[in-house]
Amino acid sequence: MKVSILLIEDELIIAEDMRMILEGLGYEVLGIATDYSEAMELLEQNTPDIVLADIMLGGSKDGVDLAKEIRKKYELPLIFATSHSDKFTLDRAKEVKPNGYLVKPFDEKDLFAAIEVALANFAGAELNTQHAGNEPEGMLVRDSVYVKERHHFVKVNLNELRWIMVDGNYLELHAEHKRYVIRSSLRDFLDKLRIPRFHRVHKSFAVNLECIDAVNSDGIIVGNTTIPMGRNYRDDLLQKLNTI
């Protein structure tokens, strides 16, 4: 699943150029707004993963006013893009603590780096503990986990995950047709999820309760996979299943 972006830029030519760059980098542009009102309307229709906003917008309210409203209503990372780098503009921007700041003109590499760092910093500040010298864990934001693949973060909807397996210092997150790897302990990951449907069934396994097809003497059946069930987890699992 692609990381989705709401682009707020009042110069349409620049906005379209940025859309092409973003889509070329593998992101999804949910929409383009040219002012405060359009931006709020688009946010109410569909919540993006990140907002990229020019500070100077047409109308009585600018990008800083928009950022303040986003901070009140939405749990979203935000990057400012502007051709203004004077102290007054920077001081106003700092009031809302943006997750990134781009000074125009910027190139494709600058844009890519700003988005990836903003996602990492936002998710890290919200939910993750970073360990010096280690790769970052999967980053949890709302209903998704962002998994690093090569030099890019991939958005994985938690509803897609079927089961989780410990592999040394890493976790394998198994969706129906793909496997993702993050650095984390199973306990920490489940604690951060705080979603009852993900349940530990073994010292090395957790399952999405909604994906269980059967439970028998061999273990837990999820699709074509049999997951072992620890003796100490059996009664708790069966009780959980009876309440679904």
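Colleague: Leaving aside neighbours within four places in sequence, what is isoleucine 50 in contact with?

Modeller: In this predicted model, isoleucine 50 is in contact (heavy atoms within 4.5 Å) with Val3, Ser4, Ile5, Leu6, Pro77, Ile79, Ile115, Ala118 and Leu119, once its neighbours within four places in sequence are left aside. Local features need pLDDT of at least 70 and side-chain atom pairs count only at pLDDT 80 or more, while totals for chains, interfaces and linings use all residues. Residues are numbered from 1 along each chain as its sequence is written, and side-chain values use heavy atoms, with hydrogens and water left out.

Colleague: Which residues touch the most other members of the largest nonpolar core?

Modeller: They are Leu7, Leu22, Ile50, Leu52, Ile79, Leu102 and Ile115, out of 23 residues in that core; a nonpolar core is a set of buried Ala, Val, Leu, Ile, Met, Phe, Trp, Tyr and Cys residues joined through side-chain atoms within 4.5 Å, and buried means under 20% relative accessible area (1.4 Å probe, protein chains only).

Colleague: And which element gives the largest share of this core?

Modeller: That is α5, with five residues. A second, separate core has 21 residues, including Ala33, Ala53, Leu66 and Leu76.

Colleague: Changing topic, what is the order of the open sheet of three strands?

Modeller: The order is β14-β15-β16, with antiparallel pairing, where strands are DSSP runs of E with at least two residues, numbered from the N terminus, and two of them pair if DSSP finds at least two bridges between them. The edge strands, β14 (214-216) and β16 (225-227), each pair on one side only.

Colleague: How many bridges join β14 to β15?

Modeller: Three bridges join these antiparallel strands, β15 covering residues 219-222, and valine 215 has isoleucine 220 in β15 as its bridge partner.

Definitions and conventions: Helix = DSSP H or I, 4+ residues; strand = E, 2+ residues; numbered from the N terminus. Buried < 20%, exposed > 50% of the residue type's maximum accessible area, 1.4 Å probe, protein only.
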